[in-house]
Amino acid sequence: MNEPNPFLDPARQSELYGHASRLAGRTRALMRAKTAGHPVPETIVSLVQTHHARPDRLGVVLDIGCGRGTSSRVIAEQLRPERLVGLDAAPSLLAQARERAKDLPDSTVDFVEGDFHDLPLPDGSSDIVVAAFCLYHSPRPQDVVGQIARVLAPGGVAVLVTKGLDSYREMDQLVAAAGLDPRAAKHESLYTAAHSGNLAVVAASSLDVIAVLDEEHVFTFDGHDHTAEYLATNPKYDLAPGLNGNPGALAATLHEFLPDQPLTTRSRITFVVAQPKEGGEPA
């Protein structure tokens, strides 16, 4: 029997997000490898500017699953809403988000701990709601979209972002070939709950979808040491004791079993833009 999807396993959330350094290390390794694809926060800003009637006069913007605050900061700086609320379930990530935004006016940005199944905002209070790379952490992403529909103001815009099911499959093949996890390519995708293939359908459960944008992002890791920095905190794989969280040991294993060479891998990033349904309450 397959192990539970770590992104949907409540027992593993502390492991995954209890310390901001874990996510930061994986993100740094991935971004250092990136060779193609527009920055996601800037794409979110562009979509808001394209699809909201008054992007220069925004009231409240809600950034769900804000994590370490990367997108929140870009949105605050480029869209200049009256207030940006960053929401996440992980206190460690929120602490880093607050630190990274400390030079922004306190009246503009507020980071709060909360559950995206029960958003702590009033009905119709938000001009923009962003949910980037977080809906796949819910076994019921439609419920989260229902909450997004509830807090969106008339004329508001939601921007939802996710990844394709087969993202980073070349990484799976490398991990299996090195014997780190022979079943690496057989594990369920981390993004199965809300992925590129179903995100528009999930959004349409409570919102009107008005645009879908797909973009391929390409990453080239320059060798085993760089790849190991990413693998060390990737929860998808069943690694031997001593390897999880240990990039040095992972790199040594890769060097032992495979010639050192760059690894290019890909991820399909999907943006769905949606608005409140016309003519009544959300479904």
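A nonpolar core is a set of buried Ala, Val, Leu, Ile, Met, Phe, Trp, Tyr and Cys residues joined through side-chain atoms within 4.5 Å. Keep that in mind for the views below, which come from a predicted model.

View 1. The largest nonpolar core holds 61 residues. Within this core, L62, I64, I148, L160 and L180 touch the most other members. A second, separate core has 29 residues, including L58, A97, A101 and V157. Here is some background that helps with this view: in soluble globular proteins, nonpolar side chains tend to be buried together.

**View 2. A closer look at I148.** Which residues does I148 contact, once its neighbours within four places in sequence are set aside? The partners of I148 are I64, L119, V129, A131, A158, L160 and L207. You have already met two of these names, I64 and L160, in the list of residues that touch the most other core members.

**View 3. A salt bridge between D222 and R32.** Now we turn to charged side chains; the whole structure has 16 salt bridges. In one of them, the side chains of D222 and R32 meet at 3.8 Å, N to O. D222 sits in the loop between β7 (207-221) and α9 (224-231), while R32 belongs to helix α2 (residues 20-33), so this pair ties together parts that are 190 residues apart in sequence. Is D222 buried or exposed? With 54% relative accessibility, D222 counts as exposed, whereas R32, at 46%, is partly exposed.

View 4. Find R73 in helix α4 (residues 70-79), then look for E77, whose side chain meets that of R73 in a salt bridge of 3.0 Å, N to O. R73 and E77 are about one helical turn apart, because they lie four residues from each other in helix α4. Both count as partly exposed: R73 has a relative accessible area of 22%, and E77 has 35%. The side chain of R73 also forms a salt bridge with D103, at 2.7 Å, N to O. D103 is in the loop between α5 (91-100) and β4 (109-113) and R73 is in helix α4, so here the pair ties together parts that are 30 residues apart in sequence. D103 is exposed, with a relative accessible area of 55%.

Note on methods:
Residues are numbered from 1 along each chain as its sequence is written. This is a predicted model: local features need pLDDT of at least 70, side-chain atom pairs count only at pLDDT 80 or more; totals for chains, interfaces and linings use all residues. Side-chain values use heavy atoms; hydrogens and water are left out. Buried means under 20% relative accessible area, exposed over 50%, partly exposed in between (1.4 Å probe, protein chains only). Contact means heavy atoms within 4.5 Å. A salt bridge is a side-chain nitrogen of Lys or Arg within 4 Å of a carboxyl oxygen of Asp or Glu. Helices (H or I, at least four residues) and strands (E, at least two) are DSSP runs, numbered from the N terminus.
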